[in-house]
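Thanks for passing this one along. Here are my notes, to be read with the model open beside you.

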Amino acid sequence: MKQCPVCGEMMKTEKRGEVEVDVCEKHGMWLDRKELLLLTEQARYEDGRFVWQDLFRTPKYVETDRERILFCPISGEQMQLVDYKGVTIDWSPEHGVWLDNGELEAIINNLRLDPRYIRGVALRLSETRF
């Protein structure tokens with residue numbers, strides 16, 4: 001089991017569809033490499049290629065604490081802040097990403113603003129780094 005990079009408490013493992021993630025109920029979730037891509041692809045198929053809400057969808061942004069420094073729960077190395085679909089996430093290039101509460105929902109919302117994502121034709125190979 002991994003420790004939450006925010007509070008240090010042990011995270012619990014949860015299944016999100018076909019993906020197993022590590023969750024701290026207070027702060028967020030840890031996703032191993034490529035799991036963010038898997039979760040967003042899974043969401044595309046669960047939500048459908050186009051839903052009426054997409055006509056009225058607006059970008060979501062999550063406030064970021066740029067002063068906070070988080071360390072990878074696997075290696076202990078400092079994570080980098082990177083922008084992904086309008087959301088600033090904590091990234092460990094070797095191991096995965098930390099998503100604060102609300103960030104996954106914002107990312108999926110912002111992806112659904114891209115008609116290529118909704119139609120399923122967007123090549124997202126560059127996103128396997130997450």
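1. Ground rules. This is a predicted model, in which local features need pLDDT of at least 70 and side-chain atom pairs count only at pLDDT 80 or more, while totals for chains, interfaces and linings use all residues. Residues are numbered from 1 along each chain as its sequence is written, and side-chain values use heavy atoms, with hydrogens and water left out.

2. The largest pocket. It holds about 170 Å³ of space. Lining it are 10 residues, and L39, A43, E46, L104 and I108 are the closest to its centre. A pocket here is an open set of points on a 1 Å grid over the protein atoms alone, where a 1.4 Å probe fits, with protein on both sides within 12 Å along at least five of seven lines; lining residues have an atom within 4 Å of a point. The volume is the space filled by probe spheres set on the points, which are joined across faces, edges and corners.

3. Who lines it. Helices α1 (35-47) and α3 (103-111) each give at least two residues to the lining, and α1 has the largest share, with 5 residues. Helices are DSSP runs (H or I, at least four residues) and strands likewise (E, at least two), numbered from the N terminus.

4. Helix α3. Is this helix mostly covered or mostly open? Mostly covered: 8 of the 9 residues of α3 are buried, among them L104 and I108. Buried means under 20% relative accessible area, exposed over 50%, and partly exposed in between (1.4 Å probe, protein chains only).

5. A surface patch. W52, L55 and F56 make a nonpolar patch of about 440 Å², and L55 sits in helix α2 (residues 53-56). Patch residues have over 30% relative accessible area and no salt bridge, with nonpolar side chains (Val, Leu, Ile, Met, Phe, Trp, Tyr) joined within 5 Å and like charges within 9 Å.

6. Salt bridges. The count is 8, taking a side-chain nitrogen of Lys or Arg within 4 Å of a carboxyl oxygen of Asp or Glu. One of them pairs D22 with K2 at 3.1 Å, N to O. D22 is in strand β2 (residues 19-24) and K2 in the segment before β1 (12-16), so this pair ties together parts 20 residues apart in sequence.

7. A network to look at. Exposed E25 bridges to K12, with the closest N and O atoms 2.5 Å apart. R16 and E14 form another salt bridge, at 3.2 Å. Through shared partners, K12, E14, R16 and E25 join into one network.

Terms used
Areas by Shrake-Rupley, 256 points an atom, 1.4 Å probe, with all protein chains shown as cover.
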